[in-house]
Amino acid sequence: MMTYVILLLAIVSEVIATSALKASDSFSKLGPSLIVVVGYVFSFYLLTIVMRSMPTGMAYAIWAGLGVVLVSLFGYFFANEKLDFAACLGMSLIVLGVVVINVFSKTVSH
């Protein structure tokens with residue numbers, strides 16, 4: 001269970017870093033640029049911890065899937081970015097895929 005908590009922290013850190021990219025203005029603004037660099041370094045460090053006990057492919061599938069959804073939701077709620085039906089459907093399928101992997105795959109240790 002702790003592996004999933006660490007993975008969630010890694011994903012949140014990566015989402016924060018990704019969300020600060022635009023505000024960094026191509027790394028010309030110090031504050032947002034620091035958030036990007038620190039966020040990515042911290043997220044990848046946490047991901048290495050996760051990979052001690054979870055296969056790389058499974059960790060990355062969860063990381064990428066939830067990261068896409070969270071960044072899109074951040075954009076929708078805080079950056080005035082629009083999500084149409086197809087985007088919402090696609091993200092729902094991503095979440096469903098992550099659930100299927102975690103519930104039914106023998107690759108992920110429970």
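1. The expected span of a helix is 1.5 Å times one less than its number of residues. For the 20 residues of H1 this rule gives 28 Å, and the end C-alpha atoms are 29 Å apart, which agrees. H4 (residues 85-104) also has 20 residues, and its first and last C-alpha atoms are 28 Å apart, close to the expected 28 Å.

2. The model is predicted. The mean pLDDT of the protein is 92, and 97% of the residues reach 70 or more. Among the elements, helix H2 (residues 30-50) has the highest mean pLDDT, 98, while H4 has the lowest, 90.

3. The buried residues of H1 are Ile-6, Leu-7, Ala-10, Ile-11, Ser-13, Glu-14, Val-15, Ala-17 and Ala-20. H2 and H3 are among what covers the buried residues of H1.

4. The largest nonpolar core has 15 residues, of which Leu-7, Ile-11, Val-50, Met-54, Ile-62 and Trp-63 touch the most other members. H1, H2 and H3 are the elements that give two or more residues to this core. H1 provides the largest share, five residues. In soluble globular proteins, nonpolar side chains tend to be buried together.

5. Which residues does Met-54 touch, leaving out those up to four places away in sequence? They are Thr-3, Tyr-4, Leu-7, Ala-59 and Ile-62. Of these, Leu-7 and Ile-62 are listed with Met-54 among the core residues that touch the most other members.

6. In H4, the buried residues are Met-91, Val-98 and Asn-102. Seen down the axis of H4, these buried residues fall within an arc of 30°, so they line one face of the helix. Their packing partners are helix H1 (2-21) and helix H3 (56-78). On the other side of H4, the exposed residues are Phe-85, Ala-86, Leu-93, Val-103 and Phe-104.

7. Ala-64 and Ile-94 are 30 residues apart in sequence, and their C-alpha atoms are 9.2 Å apart in space.

Notes
Residues are numbered from 1 along each chain as its sequence is written. This is a predicted model: local features need pLDDT of at least 70, side-chain atom pairs count only at pLDDT 80 or more; totals for chains, interfaces and linings use all residues. Side-chain values use heavy atoms; hydrogens and water are left out. Helices (H or I, at least four residues) and strands (E, at least two) are DSSP runs, numbered from the N terminus. Buried means under 20% relative accessible area, exposed over 50%, partly exposed in between (1.4 Å probe, protein chains only). The arc is that of the directions from the helix axis to the C-beta atoms. Contact means heavy atoms within 4.5 Å. pLDDT is the predictor's confidence in each residue, from 0 to 100. A nonpolar core is a set of buried Ala, Val, Leu, Ile, Met, Phe, Trp, Tyr and Cys residues joined through side-chain atoms within 4.5 Å.
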